[in-house]
Amino acid sequence: MVKINLSTLLGARRMTQADLARRTGIRPSTINDMYHELCVRVNLEHIDKICEVLECDITDLFEYVPNKIKTTGKDLIVEAHGNRKKHNKL
């Protein structure tokens, strides 16, 4: 999975979500979704602005943590209607 470390970066800089939204021009709700790791997609322009304001590298903002249960390859089932369904391995 990809983790978003925005909350950690803001805390280290003693900056609020509202401060970041004002300085980047990104909607507060978008910042909040990233802060709480609720977003599914990210806008590259937003990433650029956040890294510029926080003076950080993209690798500071995002971190890859391998999934415990694989979601690709042989672990992925394609149903008859073309949608993908994951195996339920626990």
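Q: Is K3 buried, partly exposed or exposed?

A: Keep in mind that this is a predicted model. Partly exposed covers the range between the buried limit of 20% and the exposed limit of 50%. K3 has a relative accessible area of 27%, so K3 is partly exposed.

Q: How many salt bridges are there by this rule?

A: The general idea is that side chains of opposite charge can pair when their charged atoms come close. Here the count comes to three salt bridges.

Q: With which residue does K3 form a salt bridge?

A: The partner of K3 is E37, and the closest N and O atoms of the pair are 3.5 Å apart. This pair links distant parts of the chain: K3 belongs to strand β1 (residues 2-4), while E37 sits in the loop between α3 (28-35) and α4, 34 residues apart. E37 has a relative accessible area of 35% and is therefore partly exposed.

Q: Where do R22 and D19 lie?

A: Both R22 and D19 are in helix α2 (residues 17-24), three residues apart, which is about one turn of the helix. Their side chains meet in a salt bridge with an N to O distance of 2.7 Å.

Q: What is the exposure of R22, and what is that of D19?

A: The cut-off for exposed is over 50% relative accessible area. R22, at 61%, is exposed, whereas D19, at 26%, counts as partly exposed.

Q: Why are E45 and K49 separated by about one helical turn?

A: E45 and K49 are four residues apart in helix α4, so about one helical turn separates them. The side chains of E45 and K49 meet in a salt bridge, 3.4 Å from N to O. E45 is partly exposed, with a relative accessible area of 49%. K49 is partly exposed as well, with a value of 27%.

Q: Which side chain does a polar contact join to that of D57?

A: A contact of this kind is read from N or O atoms within 3.5 Å. In this model the side chains of D57 and T59 are joined by a polar contact of 2.7 Å. D57 lies in the loop between α4 (44-54) and α5 (58-61). Its relative accessibility is 42%, so D57 counts as partly exposed.

Notes:
Residues numbered from 1 in each chain as written. Predicted model: local features only at pLDDT ≥ 70, side-chain atom pairs only at ≥ 80, totals over all residues. Heavy atoms only, no water. Helix = DSSP H or I, 4+ residues; strand = E, 2+ residues; numbered from the N terminus. Buried < 20%, exposed > 50% of the residue type's maximum accessible area, 1.4 Å probe, protein only. Polar contact = N/O pair within 3.5 Å; in protein donor to acceptor, adjacent residues only side chain to side chain. Salt bridge = Lys/Arg side-chain N within 4 Å of Asp/Glu carboxyl O.
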